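Me: Hi! I've got a structure open and would like to talk through its packing with you. Shall we take a look?

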Amino acid sequence: MAANPSFATRVVRWQRRHGRHGLPWQGTRDAYRIWLSEVMLQQTQVRTVLAYFERFTARFPTVCDLAAASEEEVLSLWSGLGYYARARNLHRAARLVAERFGGAFPTRFDDLVQLPGVGRSTAGAIAAFAAGERRAILDGNVRRVLARHAGIEGDARSAATLARLWREAEARLPRRCIEAYTQGMMDLGAELCAARNPACASCPVAEDCVARRERRVQELPGRRARAAARRRQVAMLVVLSRGEVLLEKRPSSGIWGALWSLPEAPADGDPMAQLRERFGIKDAGITPLAPFEHAFTHFTLEVTPWRIDIRKPPAIAAEQGTTWLALGEISGAALPSPVKKLLQRLADGKIAGTPM
């Protein structure tokens, strides 16, 4: 479908009257703050990001402050926001900016796409907001708007369909007001053109929307067939001694990468056998705790936690990737959200178990 000449004008006009204007990263050309918000908003809703953005900018007011921080501190502040590869890339990108650009955050698209964790769409948004550069964006919300309005079929994440969507996104760019247009496309997808029950009656571009005209709003954008949800089972060992809990550093890749977490064991194995083999713990009181689940994008983790009380901690604290942490320091630690919640409830005396 050829681009409607008035499409951008209508989006800009609607955004100025009805779009979002009071967000803490708006109304600025500060590329650092814009970048922070764009990375945090990847696969995360605005209401969730707000508190994290405020904490990050208070602790790291400049990109050089972020670059000088330890990875553990960055992950600690990020804890609970999910998709932890974003935090690691954020830290790597900050250090690259400090080294390569002298601490001046880049605003040109060609420079931005070289930063870890910054793809074509994120770079386009930063360049548009920070420098007024005429660049297209194509996040999940914008893909949905364009697929419906232009009637583009196919899985919106497939290479062929994405190529069509990018061509459409670039063809519709306005000559002026790129900042308002870019924000308007984001707002339109988030506020009106929702995945379910879109508010077509309030949409400024509904008049010539193909999906609305052909009654295919629920069909577009296309989706690949969902595979059966996968489930994984694991046991977590909550080893306690003298008010401290034993933690292990997770590998840098994979789920909860580089975070501290509880030692894990096979769900159907013997927890005490694992303790003897891995930590030399032979005498302990063991208590089953209530199992819980945690949903990731592609699978659900079923966790069986065990509380293990020992009187004398083994000499393992100096081993690489292993540490003891006081329960009173849980809130500030770089822990996965469900692990932090479990330990916080334990510290607050809200978890009871039955001794074996």
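This is a predicted model: local features need pLDDT of at least 70, side-chain atom pairs count only at pLDDT 80 or more; totals for chains, interfaces and linings use all residues.

Me: Okay, and how many aromatic pairs does a search of the whole structure find?

Reply: The search turns up 8 aromatic pairs. One of them is formed by Phe7 and Tyr181, and it is edge-to-face, with 6.5 Å centre to centre and 70° between the planes.

Me: Where do Phe7 and Tyr181 sit in the chain?

Reply: Phe7 is in helix α1 (residues 7–18), while Tyr181 belongs to helix α11 (residues 178–192). They are 174 residues apart, and the pair links distant parts of the chain. Tyr181 counts as buried too, at 4% relative accessibility.

Me: Nice. What about Trp25 and Phe53, what geometry does that pair have?

Reply: Trp25 and Phe53 are also an aromatic pair of the edge-to-face kind, at 5.1 Å centre to centre and 75° between the planes. Trp25 lies in the loop between α1 and α2 (31–40) and Phe53 in helix α3 (residues 46–59), so their pairing ties together parts that are 28 residues apart in sequence. As for accessibility, Trp25 is buried with a relative accessible area of 8%, and Phe53 is buried at 0%.

Me: Switching to the core. Which residues have the most contacts inside the largest nonpolar core?

Reply: Those are Trp35, Phe56, Leu66, Val245 and Leu343, in a core of 96 residues. Apart from it lies another core, of 14 residues, with Ala265, Phe279, Ile286 and Ile308 among them.

Me: Let's zoom in on Trp35. What does Trp35 touch?

Reply: Leaving out residues up to four places away in sequence, Trp35 touches Val63, Leu66, Leu90, Ala93, Ala94, Phe105, Val118 and Ile126. Trp35 is also part of one aromatic cluster with Tyr32 and Phe105.

Me: And Phe56, which residues does that one touch?

Reply: With residues up to four places away in sequence not counted, Phe56 touches Leu36, Met40, Leu66, Val74, Leu77, Trp78 and Leu90. Phe56 is found in helix α3 and is buried, with a relative accessible area of 0%.

Me: Changing topic: which ring does the charged end of Arg120 sit over?

Reply: The charged end of Arg120 sits over the ring of Trp166, 3.7 Å from its centre. There is also Arg232, which lies over the face of Phe299 at 3.9 Å from the ring centre.

Me: Last stop, helix α9. How many of the residues of α9 are buried?

Reply: Helix α9 (residues 140–150) is mostly covered, with 8 of its 11 residues buried. They are Val142, Arg144, Val145, Leu146, Ala147, Arg148, His149 and Ala150.

Me: What covers the buried residues of α9?

Reply: The cover includes α1, α10 (159–171), α11 and α12 (210–213).

Me: And what caps the N-terminal end of α9?

Reply: Asp139 does, with a side-chain oxygen 3.2 Å from the backbone nitrogen of Asn141. After α9 comes Gly151, whose phi is positive, near 70°.

Note on methods. Residues are numbered from 1 along each chain as its sequence is written. Side-chain values use heavy atoms; hydrogens and water are left out. A nonpolar core is a set of buried Ala, Val, Leu, Ile, Met, Phe, Trp, Tyr and Cys residues joined through side-chain atoms within 4.5 Å. Buried means under 20% relative accessible area, exposed over 50%, partly exposed in between (1.4 Å probe, protein chains only). Contact means heavy atoms within 4.5 Å. Rings of Phe, Tyr and Trp (its six-membered ring) pair if their centres lie within 6.5 Å; planes under 30 degrees apart count as stacked, over 60 as edge-to-face and the rest as tilted. Helices (H or I, at least four residues) and strands (E, at least two) are DSSP runs, numbered from the N terminus. A charge sits over a ring if NZ of Lys or CZ of Arg is within 6 Å of the ring centre and within 35 degrees of the ring normal. A polar contact is a pair of N or O atoms within 3.5 Å; within protein, one must be able to donate a hydrogen and the other to accept it, and residues adjacent in sequence count only if both atoms are side-chain atoms.
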